[in-house]
Amino acid sequence: MRCVWLTVCAALLLLMITQETDASLTARVRHNCRRLRLIPCRGMSRGWYKLDKRRCFKLFSYFRNFDQAQVKCEQHCGDLVSLHNVHQYDRVLCHLFKYYKGKKRSVWVGGEKQRNGKFGWTDASRWNFSRWHKGQPDNWKHGEHCMEMNWNTWGLWNDQHCGAKRPFVCAVRCP
Ligand SMILES: [Ca+2]
């Protein structure tokens with residue numbers, strides 16, 4: 001009986017810690033994003049914002065699987081977004097946070113498992129930045145080859161089944 005209560009208490013404690021971490025991370029994202037102002041990309045349609053000096057990004061809020069999302073980005077002469085530093089990461093994260101009004105939503109970004117088993121970007125740029133959720137990528141049930149952002153906690157990444165349908169973020173070269 002004592003063992004059962006200990007297990008229950010441990011589970012509750014773990015739940016509280018997890019929720020606290022999630023809540024504090026969400027609060028940090030909210031705080032960080034307060035002052036961040038996105039700059040619309042000149043010469044492009046509505047919804048495209050500056051990602052860096054060379055690229056613009058846009059959230060497509062309808063749901064597609066990973067390959068369909070990448071094809072859609074290619075139709076705009078781009079790719080699913082690749083992220084290489086905290087500035088790019090914050091711009092995308094804050095846009096999502098504001099768009100979804102703090103209600104967490106997983107989206108596809110451009111991370112995809114390569115032949116060597118490591119993750120790379122669909123635009124073939126260098127993999128030099130990551131924000132994996134603790135314990136990820138875990139290749140759950142040996143079928144997770146695509147990367148989503150905002151899994152479980154705002155801003156953190158997870159490897160996911162590529163057939164799952166998600167909104168997605170594309171990036172293109174500035175016009
Ligand atoms: Ca996973």
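User: Let's start with contacts along the chain. Among contacts between residues at least 6 apart in sequence, what share joins residues at least 24 apart?

Analyst: Two residues are in contact if their C-beta atoms, placed from the backbone, lie within 7 Å. In the protein chain, 66% of the contacts between residues at least 6 apart in sequence join residues at least 24 apart. Keep in mind that this is a predicted model, where local features need pLDDT of at least 70 and side-chain atom pairs count only at pLDDT 80 or more, while totals for chains, interfaces and linings use all residues. Residues are numbered from 1 along each chain as its sequence is written.

User: How many helices and strands are there in the protein chain?

Analyst: Helices (H or I, at least four residues) and strands (E, at least two) are DSSP runs, numbered from the N terminus. The protein chain has three helices and eight strands, and along the sequence they follow the pattern α-β-β-α-β-α-β-β-β-β-β.

User: What percentage of the residues count as buried?

Analyst: A residue is buried if 20 or more other C-beta atoms lie within 10 Å of its own, exposed if 12 or fewer, and partly exposed in between, with C-beta atoms placed from the backbone. Here 30% of the 175 residues of the protein chain count as buried.

User: Now helices. Which residues of H2 are buried?

Analyst: The general idea first: an α-helix has 3.6 residues a turn, so residues three or four places apart point the same way. In H2, the buried residues are Phe-66, Ala-69, Gln-70 and Cys-73. They sit on the same side of H2 because they cover an arc of only 100° around the axis, the arc being that of the directions from the helix axis to the C-beta atoms. Val-71 and Gln-75, on the other side of H2, are exposed.

User: What do the buried residues of H2 pack against?

Analyst: They pack against S2, S3, S4, S6 and S8.

User: And how far does H3 reach from its first C-alpha to its last?

Analyst: The expected span of a helix is 1.5 Å times one less than its number of residues. H3 (residues 86–99) has 14 residues and reaches 19 Å, close to the 20 Å expected. Its buried residues are Arg-91, Val-92, Leu-93, Cys-94, His-95, Leu-96 and Phe-97.

User: On to strands. Why is S8 largely enclosed by the rest of the structure?

Analyst: Seven of the eight residues of S8 (residues 166–173) are buried, so S8 is largely enclosed.

User: Which strands pair with S8?

Analyst: Two strands pair if DSSP finds at least two bridges between them. S2 (residues 55–64) runs antiparallel to S8, with seven bridges joining them, and Cys-56 stands opposite Val-172 in S8. S3 (residues 78–80) also pairs with S8 in the antiparallel sense, over three bridges. Val-172 turns up again there, as the bridge partner of Gly-78.

User: Which residues of the largest nonpolar core touch the most other members?

Analyst: In soluble globular proteins, nonpolar side chains tend to be buried together. A nonpolar core is a set of buried Ala, Val, Leu, Ile, Met, Phe, Trp, Tyr and Cys residues joined through C-beta atoms within 7 Å. The largest one has 30 residues, and those touching the most other members are Phe-57, Leu-80, Val-81, Trp-108, Val-109, Val-169 and Cys-170. The elements giving two or more residues to this core are S2, H2 (66–75), H3, S4 (107–113), S6 and S8. Leaving out residues up to four places away in sequence, Val-169 touches Phe-57, Leu-59, Leu-80, Val-81, Val-92, Val-107 and Val-109.

User: Is His-142 buried or exposed?

Analyst: His-142 is exposed, with 6 other C-beta atoms within 10 Å. Phi of His-142 is positive, near 60°, and this residue is in the loop between S5 and S6.

User: Where is Asn-152 found?

Analyst: Asn-152 is in the loop between S6 and S7 (157–160). Its phi is positive, about 70°, although it is not a glycine. Asn-152 is partly exposed, with 17 other C-beta atoms within 10 Å.
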